[in-house]
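Open the model in your viewer and keep the selection tool ready.

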Amino acid sequence: MASREASILIIEDSQTMAELYLSYLESLPYGLTVVSDGQSALDALKKTTFDVLLVDIHLPDMNGLDVLKFVKSNELPSSSIVITSNGSVEYAVEAMQYGAIDFIEKPFSASRLITTVQNALRSRQLETQIKTLKDNYERSHFEGFVGSSLAMQRVYNIIDSAAPSKATVFITGESGTGKEVCAEAIHSLSQRKGKPFVALNCGAIPKDLMESEIFGHLKGSFTGAISPRQGAAERAHQGTLFLDEICEMDLDLQVKLLRFIQTGSFQKVGSSETKQVDVRFVCATNRDPLKEVEAGRFREDLYYRLHVIPIHLPPLRDREYDLILLARHFLSLYSKEETKGFKGFSPKSEVVINSYSWPGNIRQLQNVIRNIIVLNDGDMVDEDMLPPPLNGLSRDLGDVPIPPVAPPMAELSRSMDNSAALVGNGPAALVNPVTSTSQIQFKPDTIDDIRPLWITEKEVIEKAIALCDDNIPQAAAKLEVSPSTIYRKKQQWDAMEDENAAKEN
Ligand SMILES: Nc1ncnc2c1ncn2[C@@H]1O[C@H](COP(=O)(O)OP(=O)(O)OP(=O)(O)O)[C@@H](O)[C@H]1O
Ligand SMILES: [Mg+2]
């Protein structure tokens, strides 16, 4: 609303009154529209969105309340103010029930009208802000993605912002984290949706055929080129070219790719004719691209040309409760596909699923769930249906109590609290880290006893692991957190200790 002028629809049958309201409001930066009956108001509302409606209760063809009912039933994003006259105040209460946010009684002054309209606009603005915040932070489904973790909300927000631009997107992430899903989401949220999305796997195509795969070839240009062929670059014209596993591309071809990206033009294999296309590039790798540059396997100039908008897809073990959300999602999907009746997981089997680190990420999770469904029958997945390596974990966990699977928001705020504690107390707090697990001081008696929260947390976790004979899944279950939380914290502590050691040197 801040970026455009607010729009007001005045619904008033008396021309004199309508002109009076216009004169009251004309000095303000509002777009003002006047209609003189209910039907014209409904027609205007069908065509245009108004921020505020000023509705006279007595209209020639209908009651002003009918306009309010229309707004409410169509969930229009407009705030309504009802104008009543002497004797029609009783309608005001009813009007509120139909969603009016305020009413003013005739006759009223210019300042009274302006204040009422400004209040209505302010409340409209707040509602819009709340809705935007909710849309941005509570998305559990986004394009092809399932997941409501904070880490994935960040990914969704970058995709939202990057999609409409032509800037090159560089997606990184471990195998099976959804890099292709991400590339497709960028394409389908861009104006190129409806034009081709061409994916080329640079790792799967033999080196000598790669150039022809990208740029195409003429008949007879090499042995086996028995007919002319269009390459991916040409097929992706006006659409998106997804270069998957980009770090696997041969160094010689990287030079040609760089030229193509810079100019948008290329030559087919065996041709001297230059072709020009309009392509948006998205690329992906499960390697660390900078390490590939350092090792001389990936050209630095190409890296900087491609690395415009980086998106990193977090591994599944860092997505908190998305793991269970995804497991339930695939269980329901594959149960239908395989015509089985599985409805959910037993609490113990969910603990085991949560305890595993999922190195193959979502693809591995899909395979495990498919395996369970194909090889078993029933309506609940029990822990004895879990295939290796999860069945080994199930034995390790023994009879530990089952931690409740908290709703995503609880974990969200918990993980935000934790990261705040870690950032807030940061490396500076490492001046005197206490690592002994034998004398843990939970409750300080004096101000000098107070130690950074992360140190106390580290001690508690380390003590729990020691008490469980170094069995991290068991310690995690006792602490009612997922093992991935412990692994992640261990990494954070190591990083902080390294940083602290570097400072001391
Ligand atoms: N967040 C998600 N929600 C639902 N399905 C997902 C999600 N992420 C990935 N998938 C599914 O998991 C599978 C693997 O995803 P994808 O192929 O995009 O991963 P990748 O990172 O490209 O893996 P690789 O590096 O092995 O090529 C696909 O079937 C995809 O649809
Ligand atoms: Mg892939």
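Select the five-strand sheet. Its 5 strands run in the order β2-β1-β3-β4-β5, the sheet is open, and the pairing is parallel. Strands pair here if DSSP finds at least two bridges between them. Strands (E, at least two residues) and helices (H or I, at least four) are DSSP runs, numbered from the N terminus. Go to the edges: β2 (30–35) and β5 (100–105) each have a single partner strand, so one side of each lacks a neighbour in the sheet. From one strand to the next, the twist averages 20 degrees.

This is a predicted model: local features need pLDDT of at least 70, side-chain atom pairs count only at pLDDT 80 or more, and totals for chains, interfaces and linings use all residues. Residues are numbered from 1 along each chain as its sequence is written, chains are lettered from A and ligands numbered from 1 in the order written, and side-chain values use heavy atoms, without hydrogens and water.

Next, pick β1 (residues 6–11). Strand β1 pairs with β2 over 6 bridges, in the parallel sense. Axes are lines fitted to C-alpha atoms, for helices over the stretch in contact, and angles run from 0 to 180 degrees between N-to-C directions.

Jump to helix α10 (residues 251–263). Which of its residues are buried? Leu-253, Gln-254, Leu-257, Leu-258, Phe-260 and Ile-261 are. They cover an arc of only 165 degrees around the axis, so they sit on the same side of α10. That arc is taken from the directions from helix axis to C-beta atoms. On the other side, Asp-252 and Gln-262 are exposed. Buried means under 20% relative accessible area, exposed over 50%, partly exposed in between (1.4 Å probe, protein chains only). After α10 comes Gly-264, with a positive phi near 75 degrees.

Finish with salt bridges (a side-chain nitrogen of Lys or Arg within 4 Å of a carboxyl oxygen of Asp or Glu). The whole structure has 22. Select Asp-278 and Arg-192: their closest N and O atoms are 2.8 Å apart. The pair ties together parts that are 86 residues apart in sequence. Asp-278 is partly exposed at 29%, and Arg-192 is buried at 13%.
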